[in-house]
Amino acid sequence: MTIEFKLPELGENVLSATVSKVLVKPGDSVSVNQAVLEVETDKALAEIPCTAAGTIVEVRVKEGQTVKPGVTILVIEEGAVVRPPEAAPAAAPAPVAPPAPQPVPAAVSAVPVTAAPRTTGGPVLASPSVRRQARTLGVDLTQVPTADPAGRISMQDVLAFAQAKAPAAAPASTVAAPGAEAPEGGKDAHGLVEYEAMNMVRRKTAEHMTHSWTTIPHVTHFDKADVTELEALRKKYAKKIEAQGGRLTMICFVLKVLVAAFQRFPKFNASLDLEQQRILLKRYYNIGVAVDTPNGLLVPVIRNVDAKSLTELALELPKTAEKARARKLAIEDMQGGTFTVSNLGGLGGTGFTPIINAPEVALLGLSRSSTEAVYRDGAFVPRMMLPLSLSYDHRVIDGADAARFTRWVAEALESPWAMWMEE
C-alpha cells in the first residue's frame, strides 16, 4: 500500500520550516523512526523521523524549500521493495511539488482563481499576525485578493499573493564560486557590494525582534551590583565544579537569585493576555539564556531553575550552550520560557538595552564586571561591580517596581546568603 508521509506538527506557533537536508532518495528502504529529513525551524534544527516502514517511491521536497506542517514530503510503499528506474538521469522522476521562491513560505494551497482584489476603500480586515506577515514580506494588503465573503484576508491569501509576485529563484548552478566575478546586480550607486543571504535563524530573529520592539513599550533600567564577595565564592568552588565537567559562572548565581526575586516580584515572571485583559503570573521558573552562535542568537530554556542546585546549573549551562552552537537543540528546548537573561560580560561593554523576548515581559542583561573605586566607610576601596540592564514591558511593570526589582537582585548578588534570611 502506498502512503503519503506528511510533515508533522513542529511545535507551538511553528508555522513553517526550511528543509536543510534530505536524508533519503527514491528506492531507499526506511524503517520506523528513521530520520528522513532535517529541517530548520525558528531557531532549532530538527530531524524528522519516519512513521512507516517501506521503500521510498517519491521525494516531494528539496533542500532550501520552505514547507508547512501537513504537506506531503514523501511517498512510501509500505513493505515493498521498489527499485529506482534504470533510465538516463534526465528521465529520473522530478519532485511533484516544486519549491516556493525564497524567502516566501509555500502556501498549503493557492488563493482560488475566483478571488478578486479589494474594491472598497474601507479598512482592511486582517488579524495582527496576518498584518505582521504582510509587513515582513513587503505585501500591500489593499492589493491582496481574497475569496472570503466578508473580505477578511487570511494568512494563506498573503502567502499566495507574495509567492505569485516573487521573482523565480535562481538555480543552484548559477551561484558564483569563491573567487568568481560578482553576480549581476552586485553594485550599488557607489561601488561593489557583496550579498549575504539571511539564514532561517536570522530571518526569524529579525521577525521576532521587530514584533517585540513594535508591540511592547520598552523601558530599560540600569543598576550595578557589588559582586566582590560573590566572585571570591565563585573562585573558591570553581575547580570542584570543573572536576565534574561543569563551569561555575556568575550567571549560575544570577539564575538562582532571579527565582527568589520572582517569588517577591511575580509580575516579572509573567506574560500579558491583552485579549482577556489579564496578566498571567507564572508559578514555574523556566529561564532562557541567550547564546551567541555562528548561526545567530539562540535562546535555549533552562527549566525548573527553582528545583536545581548551583552545581546542577553549572553542569547544565555549558552543555546547553554547546548544543546551541552545534545546532543540536530540539524545538522544545526553545519553548516555555518565562524570563530571559542575556550575558555580554565575556565580550565587554558597560550596559545595553536588550529587547524583550515576547511573550515575556522583562529581560535582564549582564555586562562585563570591572574593578571600580567605591566609597565605603570613609575611604575609596576597589570593588568588583557588575552592570545590570533590565528591559521591561511598561504595560505590566511600572518604573518604581523595576527599580525595586533590580535593586533587590543587586543586593542579593552582593549578599546571596542574606536572601534566605528574609521571610
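By class, the lining of the second largest pocket holds 23 nonpolar, eleven polar and eight charged residues. In this count, Ala, Val, Leu, Ile, Met, Phe, Trp, Tyr, Cys and Pro are nonpolar, Asp, Glu, Lys and Arg are charged, and the others, Gly among them, are polar. The model is a predicted one, in which local features need pLDDT of at least 70 and side-chain atom pairs count only at pLDDT 80 or more, while totals for chains, interfaces and linings use all residues. Residues are numbered from 1 along each chain as its sequence is written, and side-chain values use heavy atoms, with hydrogens and water left out.

The second largest pocket contains about 1200 Å³ of space. A pocket here is an open set of points on a 1 Å grid over the protein atoms alone, where a 1.4 Å probe fits and protein lies on both sides within 12 Å along at least five of seven lines; lining residues have an atom within 4 Å of a point. Grid points are joined across faces, edges and corners, and the volume is the space filled by probe spheres set on the points. The lining of this pocket is made by 42 residues, and those nearest the centre are Ile 251, Asn 343, Leu 344, Gly 345 and Gly 346. Two or more lining residues come from each of helix 3 (200-215), helix 4 (228-243), helix 5 (250-264), strand 15 (291-293), helix 6 (310-325), strand 18 (339-343) and strand 19 (362-366). Helix 6 gives the largest share, five residues. These elements are DSSP runs numbered from the N terminus, with helices (H or I) of at least four residues and strands (E) of at least two.

Next come the helix pairs. Two packed helices are described by the angle between their axes and the distance between the axes. Axes are lines fitted to C-alpha atoms, for helices over the stretch in contact, and angles run from 0 to 180 degrees between N-to-C directions. The axes of helix 5 and helix 6 come within 9 Å and cross at roughly 125 degrees, so the two helices are oblique to each other. Angles under 35 degrees count as roughly parallel, over 145 as roughly antiparallel, 65 to 115 as roughly perpendicular and the rest as oblique. Helix 5 also meets helix 7 (residues 399-414), with axes that come within 10 Å and cross at roughly 135 degrees; helix 5 is therefore oblique to helix 7. The crossing of helix 5 with helix 6 is right-handed, and so is the crossing with helix 7. A crossing is right-handed if the near helix is turned clockwise from the far one by less than a right angle, and left-handed if anticlockwise.

Ala 238, in helix 4, is buried at 10% relative accessibility. Buried means under 20% relative accessible area, exposed over 50%, and partly exposed in between (1.4 Å probe, protein chains only). Ala 238 and Ala 314 are 76 residues apart along the chain, and their C-alpha atoms are separated by 9.4 Å. Leu 388, in strand 21, is buried with a relative accessible area of 1%; Leu 388 and Lys 224 are 164 residues apart in sequence and 5.6 Å apart in space, C-alpha to C-alpha. In the loop between strand 18 and strand 19, Leu 347 is exposed at 67% relative accessibility, and 7.2 Å separates the C-alpha atoms of Leu 347 and Arg 368.

The backbone has a few details to look for as well. Most residues other than glycine have a negative phi, and most peptide bonds are trans. The peptide bond from Ala 358 to Pro 359 is cis, with omega near 10 degrees, and Pro 359 sits in the loop between strand 18 and strand 19. Asn 33 has a positive phi, near 75 degrees, and lies in the loop between strand 3 (29-30) and strand 4 (35-41), where Asn 33 is exposed at 61% relative accessibility. Asp 377 has a positive phi near 55 degrees.
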